[in-house]
Amino acid sequence: MNKLGRGQRDKVQQFMSITGSSEKVAVQALKASDWQFEGAFDIFYSHSHAKSAADTRHLEELYNRYKDPYADMILVDGITLLCNDLQVDPQDIVMLVVSWHMKAATMCEFSKQEFITGLQSLGIDSMDKLKERIPFMRSELKDEQKFREIYNYAFGWAKEKGQKSLALDTAIGMWQLLFAEKQWPLVDHWCQFLQARHNKAISRDTWSQLLEFARIVDPALSNYDPEGAWPYLIDEFVDYLTEHGIIQKGKLNDWSYKL
Amino acid sequence: MVLHKFGEKLYSGLVSTMTLHLQSMSKSIEAAQGASFLDELNAKWNNHNKALQMIRDILMYVDRTLIPSTHKTPVHELGLNLWRDYVIHSCNIQSRLLNTILELIQRERTGEVINRGLMRNIIKMLMDLGASVYQEDFEKPFLNVSADYYQAESQEYIECCDCADYLKKAERRLNEDIDRVSHYLDTKTEPKITNVVEKEMIANHMLRLVHMENSGLVKMLLDDKSEDLARMYNLFRRVSDGLSTIRNVMTSHMRDTGNQLVTDPEKSKNPVEFVETLLEKRDKYDKIISSAFSNDKTFQNALSSSFEYFINLNPRSPEYISLFVDDKLRKGLKGVKDEDVELILDKVMILFRYLQEKDVFEKYYKQHLAKRLLSGKTVSDDAERSLIVKLKTECGYQFTSKLEGMFTDMKTSQDTMQGFYAACGAELGNGPALVVQVLTTGSWPTQSTNTCNLPAELSTLCEKFRSYYLRTHTGRRLTWQTNMGTADLRATFGNVQKYELNVSTYQMCVLMLFNSNEHLSYKEIEQVTEIPSSDLKRCLQSLACVKGKNVLRKEPMSKDIGEDDAFSVNDNFTSKLRKVKIGTVVAQKESEPEKQETRQRVEEDRKPQIEAAIVRIMKSRRVLDHNNIIAEVTKQLQSRFLANPGEIKKRIESLIERDFLERDNADRRLYRYLA
């Protein structure tokens, strides 16, 4: 450790706390990836794949633990149990990340295929290993590119099967959750606006474009371009903000924000 | 002498001789008093010229041999130069000459007659002495003096004259100077002096003239003063920005008055009057532009753009224009000659072209046409068709295909009726005569069908028709439109008075009930006929509450229809005419709720049109950015209506939702067509 610089030592500590690995492994992985976390994580986790063959039996057992008694799927009760085992709140956003890794089609259920294949691809065959992985998954939300993928994935995951659009209430819930991570100051106004003015389901285009809006346009709307091909609903939102004096000449007059 | 090499001596001798001679001449000219100064100068100049001629002839040899080799000035030119130097430019003569000339011109300007011949000679002398002499010794000062003169004069006039008078004066001055040039100045001076006049008298006061209260451009337009306007046009045309000044003031005046006209609630009460006022206004300006502004294209364009601007300020314009046409085709064109009919229709087309919301016009026109056709109330079939052709030329086949379909249906129905009576006439015997118009659903304005029980005699007849029709046209479905029909009834009142009543189908159903009943209550009538209550109430009102048309008596005598009101035949009914018209299926200005409904339908109809345009454009372009799509779609739909960018955006999103389009992954403002 004494050959490492201050920054590097910090990285090693972080890596260890996230992956639960030993210092030696941490330093190895980080060195091999030129001290970039992304690469280091990949290296670390890909080692686990070597054991995949023997694990299918473990995974089957795991699946059966959570599987619903009447259907060949993991449903709400199973998920609650799973979350308990992980010591994670079922409402915790990290469960979304888990679902994303498993490519689960709909929220609150995992098919056998999704569960087993998903865990395999993560190189995980036990609850302990999954628990260890949770902090890493949380960190994935901080990555801009991954967050966008997870966000867009969330639309398909959260909506009803067979529906094209996402019910408003569900959408609002998801947005509250997601933008708590991303820290978008206008999220509450957006939700209020929708409830007051829109009251209809949310289309996929609006969903995905909202993230772009939150990313690109600053909360005081100083760089908002009315000709910028934003979905109609977002244009209406901007009008709503100006109407209610929340945005005035590029200033954000949001009293609640200060609190 | 030249031959003997004495050329130089000859030449210099010539120079000195002439110089001396000219000096003395100059003195004698100076001595001339007052008016004779110019005469003296003129005379001496003539002499000098003659002398020069002779000398030149004599010394021709010198010119030809000595001059080229020594580069001396040729003899004639030498003579002129000397004249110039010793006479014209002699200190006593130079300024006196100029002042004399200018004074004479000044006198002529104030109305005196001067000796133009003398002036011409003197000026010509200056011209002959060389362009620079003419310009320096005369033209430049002349222009400056004129500028000062006109500046002062224009200032004086503008204070005391009104616009028309001022323009007359300006025109006069301009013409005078042009005249002056032609009589005794160098033609090259003409554009220079006219510039001066134009600048001082016109350009400097242009705005003030145009905006002059009570006599400026606006007043002239209002009072149709075409002569004054023509003068203004011709004068202003000479200065830069002159015409655009007139045009701008005229345009804003037209827009303002047009705006007032269309937003005035009084004026927009009666649709026919409204349109007539518009047509009058257009005629007025057309006449002004052709008589006073020599049909200048830019003015025509200004007229069109102004009309386009304010006609669309009133959202009811399309409806009103259609009502105007309806009125004309219903009765207004009765007895009018064919050419005049064409004239009126052409004028209507001009107004139509100004409309932004042509699809709204189409909707109303369809409704009104349907009413006209079904009630048989059109004055001239030819006029109807002529207008359709004009609309087709303007807007293309799609606009008029449904309208033409309506005409076709009418014709086909006639044939169908003939066939019906030919086939079934025998068994129908002496029953009521039935005339059916079979309307193709897509072509005619949509109507909701209501319940209505026809009297027994009629329903059997109708059924017979239905089976006849379906025999030849299997697979079709017929629905009786009882709210659009009419009936002719022969009625006997009080056993004596006989009348022929022309009524609507609903009214007929109600009246027929009284063949077997003395008294009926509203409830009973409603039960038997099953006509929807709001229609039934209106129907009963028209039969019982309208003076002169009250074939029914109502108790109580109130205007409103109550549930328990009792009706009976009014045996005391009289009318001056044998044939009484009670049913009205005439097109009228829509009520507020009807208007809202129509507007809503128009908006709904626009959505698929916008989508079709988007798909068409994207199919050919494959990839296009947001702003360009909006621009292209708006352009494509321009001939029918002005597409709202917000609405276009919504349609794009709907198409994305239905997987016709997608956003580009990299640039979120690009759209991609999905095959």
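In this predicted model, the side chains of E611(B) and R658(B) meet in a salt bridge at 3.0 Å, N to O, a salt bridge being a side-chain nitrogen of Lys or Arg within 4 Å of a carboxyl oxygen of Asp or Glu. The pair links distant parts of the chain, since E611(B) sits in helix α25 (residues 592-621) and R658(B) in the loop between α27 (645-657) and β8 (661-663), 47 residues apart; helices (H or I, at least four residues) and strands (E, at least two) are DSSP runs numbered from the N terminus. With a relative accessible area of 11%, E611(B) is buried, whereas R658(B), at 40%, is partly exposed, where buried means under 20% relative accessible area, exposed over 50% and partly exposed in between (1.4 Å probe, protein chains only).

A second salt bridge joins K392(B) to E404(B), with the closest N and O atoms 3.3 Å apart. K392(B) lies in helix α19 and E404(B) in helix α20 (residues 397-428), so this pair ties together parts that are 12 residues apart in sequence.

Within helix α14 (residues 271-291), D286(B) and R282(B) are 4 residues apart, about one helical turn, and they too form a salt bridge, at 3.9 Å between the closest N and O atoms.

Residues are numbered from 1 along each chain as its sequence is written, and chains are lettered from A and ligands numbered from 1 in the order in which they are written. Local features need pLDDT of at least 70, side-chain atom pairs count only at pLDDT 80 or more, totals for chains, interfaces and linings use all residues, and side-chain values use heavy atoms, leaving out hydrogens and water.
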